[in-house]
Amino acid sequence: MNKRIISRNMTHADDKERMLAETLFSTANGYLGVRGCNEEGLPDGKNTCRGMYLNGVYEIIPMKQAESLFGLIEEKQTMINSGDLQTVYISIDGERMEYGKGTVLSEIRSLDMDKGISIREVRWRSESGKEIELRVKRMTSFVLKNLFILDMEVRSLNFEGDIAFEALHIAKANNYANPDDPRMAAEGNCYLEPQRIEALKDRSLSLTKTRVSGITVAIASAHECTAAGKKIDCVYNKEGEKVIYRAGCRLKENDTAVLTGYVVFADSLREEDPGASVMTMLDSAISNKSAYYYDAQEQYMAAFWDNADMEILGDEDSSLSACFNIYQLLQSAGTMKRSSIAAKGLSGEGYEGHYFWDTEMFLMPFFNLTDREVARSLISYRYDTLKEARENARLLGHKKGALYPWRTINGTECSGYYVSGTAAYHINGAIAYAICSYYDISGDIDFMMDKGEEILLETARLWRCAGSYYKDRFMLFDVTGPDEYTCMVNNNYYTNLCAAYNMERAAQIMEEITVIDGGRLMDKLSSSREELESLKEAAKKIYLPYDEELGINPQDDSFLQKPVWDIEATPKEEFPLLMHHHPLELYRYQVCKQADTVLAHFLFEDRVDAETRKKSFEYYEKITTHDSSLSRCVFAIAAARLGEKKKALSYFGDSVKMDLMNLQGNTGDGIHTANMGGSYMAIVYGFAGLTIRRDELSLDPFVPDSWKGYRFRFKKGDSRIEVCVLTDEVTVTLLDGPELSIKVWGEDHLLKADSPLKLHQKK
Ligand code: BGC
């Protein structure tokens, strides 16, 4: 495997590329995310989002509804920008390195995914002709998640002179806003009120608090500075609401000055006394020294890649992109109490840090297969917000069960437009599906007894309550499926299948548990055999729209009656359609923002015959705009599983490089985590044709044309497996754990230790 490093030449980068680089080179560890902004800042008026985010830390802000109908949400949570401690000014003999002043001779940025760091290397010439070489190394630590380290080395290339550092501690930072884009917040306020901002002898400290949600953020920073190997004295001063660290020294030609900044964050959601916690953590960070954390980070990354490694042979670019995507999933996954994965991870403010169904449907597959601890933690987040989900269900008039909010941070609904928000009940289905997959892959019945089954039962109850029988078929009215260009419909095929699956599995798993615990959990959750029977019955009698003439599953009851939107004739500038057409106009056409029925066919493949899947794929392909980033990856999986190899590769190509190439045009606002998880799934579930059920593990692999092959690793039960698919041979190796049976191209094999399964590639 080559080194996993992404690099960009930024020497002549324009503003858009800079904003993009802020996202691509952001560093995060699931708790703390730091956008990869220029340390020296940008002049006013330049588009930049100077963010430092703490997963799950939010403010509550009003969301005025034009008409105050009952139950509409009047406030929302928004992820706050917790501060700015990435600004460091460098001056040479009084001339400050500033964007647009002097000359950038070269600038390279890179992300080293083996080391878990990002690097920026700049050669800059001041207006008076003094040249420096600047090397900045950034890391948000995986071993101490509260810690961000910023290291700067400045070398004088052609002068002897005074060099000065000024590192800023800005506790009150503004959020980013774009009032013209519905995917961004419209308000760019600072949501933190200062409680205490101090310059201490050897460090800075701030305590700030959000006004409404009452969350305290504590930040402490300390610095070390050396020049030509000698320690330099420094001082912290408070200036207004900022603390500024200053250090200066004289540099000879070719000498290097090094500044290391340790920044520690804590918040009152996780720490009783965040102020005291940051001080203690900062003490230990300083005494351990940065080298300790860099080493530990590298070891952490080695262990991560050992479990999650993925490589595409014969397409270096896609291979690196696939690693980048996986790496971003790691960076985004919240494992601290009450956190999950935001749609943009911790790389930007798009969708305001909200958690959607993206986590369970697109991101959990990766963690279910490679890191159970993270998977459990993500499920636990939903468990911890069951109370809010129950309340949401009541608000919507359901007497029983839990309905998860469409978008949220703290567990309550944040969707202002319920039509393509709260009405998307399928989020319950995604959560249930992810939990069942966790169980099927891990066999962890203890976790199901502890948390999983309670969520399954509560979401199942919701379906049972929300739906009703008509002519002996169980139906669901007025819901919105994944395709948000078709809203508030009856019997959305995808939603109905999710509901049926949820009800059936909730009952089944409860029965399994009852055998083990003699009915204790059933009693605890006030369930009964009658209730389980009623869930199974509704699941069995679910109504699934089918059109005889076309041989496809219509997306919902009325979908096929609508005129077809002419995608071909729509000018390019009108995409995404949501930015140029009134929602009502879109709802009245057959036009899809993203995969809907096609996704259902992948998830519930064994409930649909291949012919229907194929015809449906062809039908929906023609009317899908992929305006949502969650779409192409699903089409890639579906095409691969239908044997449409060329199409699969083409969809995959767009999906795997979506953020690195800014294919959606808005990666500057943050990465598209769901697509990243989806591109992983396209390889594993698409090209390799992996299917995992409770007692089934099978592969149906092929190598896309133009590749030499690919390999990946995953875990089923306690067995860790590597799959290597080459053009002439497939090798499945049991890396560790018990032997197990596996089907490859429909044939059973026993996978044993020290005896890799080698099969000739199917022609
Ligand atoms: C998609 C949703 C998705 C959300 C956040 C929307 O554009 O239509 O399916 O959950 O973005 O990624």
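Select Arg123 and Glu133: Arg123 stands opposite Glu133 in strand E11. The model is predicted, so local features need pLDDT of at least 70 and side-chain atom pairs count only at pLDDT 80 or more, while totals for chains, interfaces and linings use all residues. Residues are numbered from 1 along each chain as its sequence is written, and side-chain values use heavy atoms, with hydrogens and water left out.

Now show residues 131-140, which make up strand E11. E10 pairs with E11 in the antiparallel sense, over 8 bridges. Strands here are DSSP runs of E, at least two residues long; helices are runs of H or I, at least four long; both are numbered from the N terminus. Two strands count as paired if DSSP finds at least two bridges between them.

Go to the turn. The hairpin of E10 and E11 has 5 residues between the strands. There, Gly129 takes a positive phi near 95°.

Next, select 103-112 for strand E9 and 117-125 for strand E10. These two run antiparallel and are joined by 9 bridges. Pick Ile108: Glu121 in E10 stands opposite. E9 and E10 also form a hairpin, with 4 residues between them. Click on Gly116 in that turn; its phi is positive, about 75°.

**Sheet E2-E3-E4**

Move to the open sheet of 3 strands in the order E2-E3-E4, with antiparallel pairing. Strand E2 (27-28) and strand E4 (52-54) are at the edges with a single partner strand each, so one side of each has no neighbour in the sheet. Select residues 32-34 for strand E3; E3 and E4 pair over 3 bridges in the antiparallel sense. Val34 stands opposite Met52 in E4.

**Sheet E24-E25-E29-E30**

Jump to another open sheet, of 4 strands, in the order E24-E25-E29-E30. Its pairing is mixed. Strand E24 (691-693) and strand E30 (747-751) are the edge strands, each pairing on one side only. From one strand to the next, the twist averages 25°; axes are lines fitted to C-alpha atoms, for helices over the stretch in contact, and angles between N-to-C directions run from 0 to 180 degrees.

Zoom in on E24 and strand E25 (residues 696-699), which run antiparallel and are joined by 3 bridges. Thr691 stands opposite Ser698 in E25.

**The ligand**

Which residues are around the ligand? Select Ala343, Tyr351, Phe356, Trp357, Asp358, Trp406, Glu484, Lys593, Gln594, Ser628 and Leu630. A residue belongs here if one of its heavy atoms lies within 4 Å. The shell divides into 6 nonpolar, 2 polar and 3 charged residues. Nonpolar means Ala, Val, Leu, Ile, Met, Phe, Trp, Tyr, Cys and Pro; charged means Asp, Glu, Lys and Arg; the others, Gly among them, are polar.

Look at the polar contacts (pairs of N or O atoms within 3.5 Å). A polar side-chain atom of Asp358 is 2.5 Å from a ligand oxygen atom. For Trp357, an N or O atom in the side chain is 3.0 Å from an oxygen atom of the ligand. For Lys593, the distance from a polar side-chain atom to a ligand oxygen is 2.9 Å. Taken alone, the ligand exposes 310 Å², and the protein buries 94% of that (Shrake-Rupley method, 1.4 Å probe).

Definitions and conventions:
A polar contact is a pair of N or O atoms within 3.5 Å; within protein, one must be able to donate a hydrogen and the other to accept it, and residues adjacent in sequence count only if both atoms are side-chain atoms.
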